[in-house]
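Have the structure open and follow along.

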Amino acid sequence: THAHRGDPDTSHAAAISARDLASKHAEAIHRELRFAAVPLAAEQIADRVLLTMLQVMKRLSDLERLGKVVKTPERHVNRSGKKAVKWGLSTKIFRLEG
């Protein structure tokens, strides 16, 4: 979510707030996957970090794009009875700059 150049200052403030919230959600999801030490489905993550499935799925996509999580071959049967992919931590090693 982002504001456009001509948008009011309130729109810009909202965009910053949304970006910060998304970052906090992504951090919580990544931390939960590290803590669990096993792959988890979005539903399992959502239950553990108290977010909605939609919030978790959006952040998992972001984390995947960043190379921090990967889809595993494991599956989970959701409450709906449908199979869902389990997500795990990436095996990539990240070097901290600085």
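Start with helix 2 (residues 42-49) and helix 3 (residues 53-65): their axes come within 9 Å of each other and cross at roughly 115°. That makes helix 2 roughly perpendicular to helix 3, because angles from 65 to 115 degrees fall in that class. Keep in mind that this is a predicted model.

The crossing of helix 2 past helix 3 is right-handed. So who does the touching? On the helix 2 side you'll find Ala-42, Glu-43, Ile-45 and Ala-46, while helix 3 brings in Met-53, Val-56, Met-57 and Leu-60. Sort the residues of this contact by type and you get seven nonpolar, one charged and no polar.

Three of them form an open sheet in the order 1-3-2, and the pairing is antiparallel. Strand 1 (40-41) and strand 2 (69-77) sit at the edges with a single partner strand each, so one side of each has no neighbour in the sheet.

How many bridges join strand 1 to strand 3 (residues 83-89)? There are two, and these strands run antiparallel. In general, strands of a sheet pair through backbone hydrogen bonds, either parallel or antiparallel.

## Where helix meets sheet

Helix 3 turns up again here, as it packs on the sheet and touches strand 2 and strand 3. The direction of helix 3 makes about 140° with that of strand 2.

Note on methods. Residues numbered from 1 in each chain as written. Predicted model: local features only at pLDDT ≥ 70, side-chain atom pairs only at ≥ 80, totals over all residues. Heavy atoms only, no water. Axes fitted to C-alpha atoms, helices over the stretch in contact; angles between N-to-C directions. Helix = DSSP H or I, 4+ residues; strand = E, 2+ residues; numbered from the N terminus. Parallel < 35°, antiparallel > 145°, perpendicular 65-115°, else oblique. Left-handed = near helix turned anticlockwise from the far one by under 90°. Contact = heavy atoms within 4.5 Å. Nonpolar A, V, L, I, M, F, W, Y, C, P; charged D, E, K, R; others polar. Pairing = 2+ DSSP bridges.
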